[in-house]
Amino acid sequence: MISYLQVENLSKSFGERQIFSDISFAVSKGDRVAMVAPNGAGKTTLFKIIVGRETSDSGKISFRNDIRISYLPQDPELDPEHTVFDEIFQSDTPKIQIIKVYEKALQEHHQAKLEKALEAMNAADAWAEEARLKMILGMLGFTDFEQKVSHLSGGQQKRLALAKILAEEPDLLILDEPTNHLQVEMIEWLEEYLAKQNITLLMVTHDRYFLNRVCDQIIELHNNQIYRYQGNYEYFVEARNERLEQQQSQINKAINLLRYEQDWMNRMPQARATKAKFRKDNYYKLKEQASQRIDNKKLDLSISGQRTGNKIIEIKHLTKSFGDLKIITDFSYIFSRGEKIGVVGPNGVGKTTFLRLILGESLADKGVVEIGQTIKIGYFKQDIIHLDPQKRMIEVVKEISERIIMADGRELSPLQFLEHFLFPSSQHYALVEKLSGGERRRLALLTVLMQNPNFLILDEPTNDLDIMTLNVLEEFLVQFQGGLIIVSHDRYFMDKIVDHLFIFKGDGEIKDFPGNYSWWREQEKEIKEAELANAKTVVKEKDVPKNSGGKKLTYSERIELENLEKEISTLEKTKTLLMKDLENSTLSVEMIQEKANAFSTISGEIELKEMRWLELHEKYE
């Protein structure tokens with residue numbers, strides 16, 4: 001077995017806080033390893049140490065000398081002055097450099113340079129590599145190579161960084177939360193792509209479907225110790241539970257033996273005989289073992305909710321448009337007690353607007369949303385966590401309530417409540433700014449739930465939460481007796497919780513689908529496969545003259561095709577920006593009409609250009 005990475009006796013502290021201590025593990029060629037640990041355990045710090053962006057207090061990192069390594073951080077470091085073109089072709093591999101010259105010649109419309117570049121492409125047989133690069137970029141949402149990095153959103157920059165390292169085809173790929181900012185189609189493509197590649201992988205992810213389908217080994221960092229599991233996520237869950245049960249059994253046994261040894265220690269004679277000293281040493285070892293605690297607390301979210309009356313929420317003929325742009329058209333729904341509904345659809349189709357209409361933060365054009373008098377809504381907003389970074393955790397909780405009533409009638413103090421949310425006593429007086437991203441989101445969720453809602457609206461609640469927290473949050477939501485609306489890209493999370501889905505199709509259409517997330521995705525795939533098969537049949541039946549010479553596109557047509565891809569991408573970006581502007585409730589009526597007209601015009605331009613692109617692409621094929 002060829003070792004690619006060796007981590008030996010690694011330790012790291014920040015001040016008095018020990019992140020991890022004396023940990024060791026290895027990654028061999030062909031391994032697909034996921035690292036699992038609670039928020040704040042140091043996963044990101046460990047990855048930064050491995051790739052040389054942080055230093056350890058002690059220990060050693062060793063790589064095989066002849067391997068290429070690529071690293072995807074949570075926050076990518078791209079040059080804001082670079083274009084997408086500049087970033088994706090930074091790799092020094094010969095074929096990528098040849099493709100770079102070819103692409104530049106295409107952009108410059110330089111005939112002599114293009115002819116020379118074409119010769120180089122043919123000589124290096126680089127056409128398949130060019131297709132692979134464009135496939136990666138296309139699947140991750142990029143066709144306009146001239147976009148500047150500074151003009152990309154944070155999510156787009158993360159996707160560009162991912163495309164960049166996939167293009168490099170490294171021997172060892174280190175990924176920190178690769179599925180963040182990816183839509184479902186992108187995540188599913190990435191799963192399939194990585195599964196087919198001959199690559200060695202070390203990653204952190206909270207996407208359990210992704211983890212289950214891509215990785216074959218899991219390393220758990222728990223209480224400063226490393227545990228390795230040879231299997232996928234499903235195997236890990238079973239094996240971890242068995243390990244914790246065995247450890248607890250050993251601790252219980254040590255506690256029972258300690259009672260007898262404690263009695264002997266109390267009666268032990270003063271003489272230090274060899275036998276007595278040996279037994280005394282064993283006593284202290286036994287005492288240390290008996291004092292261990294299995295840190296496997298369950299997140300207790302069973303908070304006493306408000307009583308629910310007969311009327312929950314009724315949506316009657318709800319309609320919302322921004323000028324000619326339809327968001328919701330004549331949508332009606334009456335919520336039943338305890339319903340759990342998932343909201344899905346592409347970005348920019350109005351999911352956030354829908355939530356705002358329910359909450360009364362946005363006004364409908366027609367229709368009403370009636371909320372029952374007994375309904376108390378708890379709203380967790382996506383990426384908007386209003387926590388004062390200079391306040392301590394205990395202060396944040398106390399400002400909401402000095403006492404919390406649990407579902408079983410128990411009354412908890414703020415300190416006790418924080419412990420129920422897996423915040424140990426050593427953290428209670430920590431400043432919010434010192435918490436990890438996942439810990440801040442967990443604290444924000446705590447502040448929503450402790451207000452005793454009986455209807456929850458959760459917008460991407462799973463972002464940055466560790467797998468342990470996700471599992472117990474799911475358990476709570478499954479048992480939660482109130483109503484629930486969730487917007488999430490976490491497929492595992494949605495599958496486990498929701499009863500059915502509101503699917504935003506675009507152009508104001510919302511479909512109520514009776515089933516979970518995987519059922520819907522499976523149906524979507526079947527529909528697309530049927531449409532593709534039908535399209536192929538129609539094409540075969542067309543009486544189209546064949547290209548007898550087997551010629552590809554002319555030079556001018558190829559340039560046109562390349563330009564169309566860029567133009568469509570630019571128009572799509574403008575369309576997305578207009579959509580965001582239209583969701584701004586502060587715009588005047590005149591401004592809304594102006595932007596809506598622009599949106600309609602651009603949509604028409606995109607449709608025409610896509611038709612021409614398809615025409616040229618069919619000829620190219």
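**View 1. S28, a buried residue in strand 2.** S28 is buried, with a relative accessible area of 10%; buried here means under 20% relative accessible area, exposed means over 50%, and partly exposed is in between (1.4 Å probe, protein chains only). S28 is found in strand 2 (residues 17-28). Helices (H or I, at least four residues) and strands (E, at least two) are DSSP runs, numbered from the N terminus. Leaving aside neighbours within four places in sequence, S28 is in contact (heavy atoms within 4.5 Å) with M1, I2, S3, Y4 and T200. This is a predicted model, so local features need pLDDT of at least 70 and side-chain atom pairs count only at pLDDT 80 or more, while totals for chains, interfaces and linings use all residues. Residues are numbered from 1 along each chain as its sequence is written, and side-chain values use heavy atoms, with hydrogens and water left out.

**View 2. The whole chain, for orientation.** The secondary structure of the protein chain comes to 19 helices and 20 strands. Of its 621 residues, 47% are buried. Take the contacts between residues at least 6 apart in sequence: 69% of them join residues at least 24 apart.

View 3. The largest nonpolar core has 57 residues, and L140, L166 and L194 have the most contacts inside it. A nonpolar core is a set of buried Ala, Val, Leu, Ile, Met, Phe, Trp, Tyr and Cys residues joined through side-chain atoms within 4.5 Å. Helix 6 (residues 154-168) gives this core its largest share, seven residues. Now pick out L166: with neighbours up to four places away in sequence set aside, L166 is in contact with R132, I136, L173, W189, L190, Y193 and L194. Another core lies apart from this one and has 42 residues, among them V396, L465, L477 and L484.

**View 4. Helix 3 crossing helix 5.** The axes of helix 3 (residues 94-108) and helix 5 (residues 127-139) come within 10 Å and cross at roughly 80 degrees. Axes are lines fitted to C-alpha atoms, for helices over the stretch in contact, and angles run from 0 to 180 degrees between N-to-C directions. The two helices are therefore roughly perpendicular to each other; that label covers 65 to 115 degrees, while under 35 counts as roughly parallel, over 145 as roughly antiparallel and the rest as oblique. Helix 3 brings K95, I96, I99, Y102 and E103 to the contact, and helix 5 brings W127, E129, E130, L133 and K134. These residues divide into five nonpolar, no polar and five charged.

View 5. The strands run in the order 14-17-18-12-19-20, with mixed pairing; two strands pair if DSSP finds at least two bridges between them. Strand 14 (377-380) and strand 20 (509-513) stand at the edges with a single partner strand each, so one side of each has no neighbour in the sheet. On average, neighbouring strands are turned by 15 degrees against each other, direction ignored.

**View 6. Strand 17 and what surrounds it.** Five of the five residues of strand 17 are buried, so the strand is largely enclosed by the rest of the structure. F455, I457 and D459 point one way, and L456 and L458 the other. Y379 has I457 as its bridge partner, F380 stands opposite L458, and F455 is partnered by G483 in strand 18. Helix 14 (residues 437-449) lies across strand 14 and strand 17, at about 165 degrees to strand 14.

**View 7. K496 in helix 16.** K496 lies in helix 16 (residues 491-497) and is partly exposed, with a relative accessible area of 39%. Not counting residues up to four places away in sequence, K496 touches E474 and V478.

Key
Nonpolar A, V, L, I, M, F, W, Y, C, P; charged D, E, K, R; others polar.
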